[in-house]
Amino acid sequence: MLNTAVAEQSSASAPEASETAQPRSRSTPEVLRVSIVGGSGYVGGELLRLAAGHPHLEVAQLTSERLAGRFAHTVHPNHRPSPGVGAHGPLKFQSIDDLEACDVLFLCLPHGRGSSHMGRFAELADTVIDCSADFRLRCPDAHRRWYGRDVDGPWRERFVYGLPELERDRLVGARLISGVGCNATAVNLALWPLAQAGWIDRVVVEVKVGSSEGGAQASAATHHPERSGAVRSFAPVGHRHQAEIHQQLGLDDDQLFFSATAIEAVRGVLATHHVFLNREVEDKDLWRLFRRAYGREPFVRIVNEKRGLYRLPEPKILAGTNFCDIGWRLDDHGRRLVVISALDNLVKGAAGSAIQALNVTRGFAETTGLEFAGLHPC
Ligand SMILES: NC(=O)c1ccc[n+]([C@@H]2O[C@H](COP(=O)([O-])OP(=O)(O)OC[C@H]3O[C@@H](n4cnc5c(N)ncnc54)[C@H](OP(=O)(O)O)[C@@H]3O)[C@@H](O)[C@H]2O)c1
């Protein structure tokens, strides 16, 4: 847990720091020192993996209060060091109290745990990327509605939503970046071209999600006998990620209906969108729309084949990658469109988008460190 002394000191200094915190340097050094707060969790582990393969990043510190003093590979076994292999040597977890100045700080804490310390975090690093939901929503009322609490006001308006495909211009040079919701990202990317075109009357979305969305902390619902083999509808209504979809696509409660189901998978989101269009369209209109939106995007692929096993998006083959795949089928009347999207919740839905946003703000090629093509078979 965050220690009280730090909590008091940080929350007391937050408003002042919000006025005064300045980047120490805006010039981008060849190699940035990054620290990961909440480094023992699943998103922290993915950031460690992606940073290790990124030529401009070096991991300086990883925090875990529970595991301080223990090696990172005790919970991230894929990071067991080996002589001559990998970009970093053995790393030990440290307490948040021992964080030192760095270039980039990734926050991978549960919602509500890091926001009151933002003053200290922003003083420690030139760039702060918060993967929690604390600063995803620009509107404080929306945050209160969906998360049931207020978050320190001075910071909210300074954060940029970290989905490069939708917010690239605002991300250039941004110091404070929020991460994205994994399910929200699958939906935002799938529907954005249609929302931009103004074609959506209503949309009913069902997302099927893997267990890693719940994080590394065990609970009754994740206990193996309870979780294994389950197909569990856990949010038929009221899922918080709707707020990010409202914000990014401009859809309201009367247009967007969202439900979520836990399935037997570790990683992955499959989002099925039943879109009721406000006009008749043909398949060629959809090709034109999606190609125009994503034809030049490195991490959004149109997967919309007539035949073959992989004719529509499938999360399994995206595990570990930063891709979001999108396909569709139009019904015979041309008014109901089913758009299907898939991604890895821990990568495009969290750590990968965070690294992509960092690449944008720091002026690195956007694909740097993110070119893993995935595994097949897996
Ligand atoms: N999982 C996903 O698919 C996903 C996708 C997008 C965004 N996110 C967001 O990313 C964040 C991290 O998610 P995750 O899945 O990586 O969670 P996680 O696996 O549960 O990891 C949480 C991390 O936070 C630390 N932590 C928990 N409570 C703390 C406290 N009171 N004080 C200090 N440290 C504390 C834990 O450290 P200890 O070792 O000390 O317990 C751990 O390192 C969350 O806000 C989540 O909503 C997750």
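**A helix pair and its surroundings**

Tutor: The axes of helix α7 (residues 182-197) and helix α9 (residues 242-249) come within 10 Å and cross at roughly 25°. This is a predicted model, in which local features need pLDDT of at least 70 and side-chain atom pairs count only at pLDDT 80 or more, whereas totals for chains, interfaces and linings use all residues. Residues are numbered from 1 along each chain as its sequence is written. Helices (H or I, at least four residues) and strands (E, at least two) are DSSP runs numbered from the N terminus. Axes are lines fitted to C-alpha atoms, for helices over the stretch in contact, and angles run from 0 to 180 degrees between N-to-C directions.

The helices α7 and α9 are therefore roughly parallel to each other; angles under 35 degrees count as roughly parallel, over 145 as roughly antiparallel, 65 to 115 as roughly perpendicular and the rest as oblique. From α7, the residues A184, V187, N188, L191, W192 and A195 meet E244, I245, Q248 and L249 of α9; contact requires C-beta atoms, placed from the backbone, within 7 Å. By class, this contact of α7 with α9 has seven nonpolar, two polar and one charged residues. Ala, Val, Leu, Ile, Met, Phe, Trp, Tyr, Cys and Pro count as nonpolar, Asp, Glu, Lys and Arg as charged, and the others, Gly among them, as polar.

A second pair is formed by helix α6 (residues 164-171) and helix α11 (residues 347-362), whose axes come within 9 Å and cross at roughly 30°. Therefore α6 and α11 too are roughly parallel to each other, and α6 passes α11 in a right-handed crossing. Here P164, R168 and L171 of α6 meet Q356, A357, V360 and T361 of α11. The residues of that contact divide into four nonpolar, two polar and one charged.

On the scale of the protein chain, the domain assignment gives domain 1 (4-158) and domain 2 (183-344), with bounds from an automatic or database assignment. Their C-alpha centres lie 28 Å apart. Nine residues of domain 1 are in contact with seven residues of domain 2. On the side of domain 1 that touches domain 2, helix α4 (residues 140-147) supplies the largest share, three residues. That side of domain 1 divides into six nonpolar, one polar and two charged residues.

Both domain 1 and domain 2 give residues to the shell around the ligand, so the ligand lies between them. Of the 33 residues around the ligand, G38, G41, S132, G215 and A216 come nearest; a residue is near if its C-beta atom, placed from the backbone, lies within 6 Å. Helices α2 (42-52) and α11 each supply at least two residues of the shell, and α2 gives the most, with three. The shell around the ligand divides into 14 nonpolar, 15 polar and four charged residues.

Finally, P377 is located in the segment after α11. A cis peptide bond joins H376 and P377, with omega about 0°. In general, most peptide bonds are trans.

Definitions and conventions. Left-handed = near helix turned anticlockwise from the far one by under 90°. Contact = placed C-beta atoms within 7 Å.
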